[in-house]
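Here is a short briefing on charged side chains that pair up. Look at the structure first, then read the points below.

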Amino acid sequence: MFEVRLWLSKQGRIKYVSHLDMFRLMQRAVRRAEIPLWYTEGFNPHPYISFLLALSLGTEGLREPVDIRIVDDMTPEEIKNRLNGAMPEGLKIEAVTTPVYKPAAIAFGSYRVYYGGVTESELFDALTCGELTCEKSGKKGNKKIVKTVNVSEHIKSFEIRAEDGKTVLDVVLPAGSVFNLNPQQLTCAVSARLGRDITAQRVIRLGLLTDENKPFE
């Protein structure tokens, strides 16, 4: 048994498929591709497939890591070709590699957001105001709570530009097991700051980064 890391792109209409349905979809694709998966032991064995960081509904991904364990020797190219032959439209295995980092090493997500209804200067002023807040659900003991988060404190880096009549934001936000902030929450915070709704017309996760700002591999 050995572990491989699939790098999955998710684009187009399939971005509206939920994380739970993505897991089921991947199980079916692996079976159709006849990949010899390793199964967990116990009363209810199931194939080992692990999406390392869920995508928010409506967000596209260019390089999403999915770990699987297989029981027979197969080349990365064979795994890639078999799976791509079983994938639905919008999903593609871009690469198959040996894992370098453990999932806990994920610290940030790199995103590209295409906005309508906001200018470059308005977006820049909002992101640099120092008091950009949103409500975020969390836990206090065993109770679920809603807390106010200062988004400004968690933006690692950003760049803004104009492209085809849209305002485009490239931004790095916290991700992983410690703290998460997604572009939808950032958009809500900017809307509240401006006093009007702005629209994220397209959101793409470009990749994941470690705490040292290295690409997660």
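A residue is buried under 20% relative accessible area, exposed over 50%, and partly exposed in between. Keep those cut-offs in mind for this predicted model. Side chains of opposite charge can pair when their charged atoms come close. A search of the whole structure finds 12 salt bridges.

**A pair across the chain**
- R63 and E217 join their side chains in a salt bridge, at 2.8 Å from N to O.
- This pair links distant parts of the chain, 154 residues apart.
- R63 sits in strand β3 (residues 60-70), while E217 lies in the segment after β10 (199-210).
- R63 has 29% relative accessibility, so R63 counts as partly exposed.
- E217 also counts as partly exposed, because its relative accessibility is 29%.

- D21 and R24 meet through their side chains in a salt bridge of 3.1 Å, N to O.
- Both residues belong to helix α1 (residues 19-32).
- They are 3 residues apart, which is about one turn of the helix.
- D21 is partly exposed because its relative accessibility is 35%.
- R24 reaches 40%, so R24 is partly exposed too.

**A network**
- Salt bridges link R112, R161, E163 and D170 in a network.
- One of its bridges joins D170 to R161, with the closest N and O atoms 3.1 Å apart.
- Is D170 buried or exposed? D170 counts as buried, because its relative accessibility is 17%.
- R161 has 29% relative accessibility, so R161 counts as partly exposed.

Terms used:
Residues are numbered from 1 along each chain as its sequence is written. This is a predicted model: local features need pLDDT of at least 70, side-chain atom pairs count only at pLDDT 80 or more; totals for chains, interfaces and linings use all residues. Side-chain values use heavy atoms; hydrogens and water are left out. A salt bridge is a side-chain nitrogen of Lys or Arg within 4 Å of a carboxyl oxygen of Asp or Glu. Helices (H or I, at least four residues) and strands (E, at least two) are DSSP runs, numbered from the N terminus. Buried means under 20% relative accessible area, exposed over 50%, partly exposed in between (1.4 Å probe, protein chains only).
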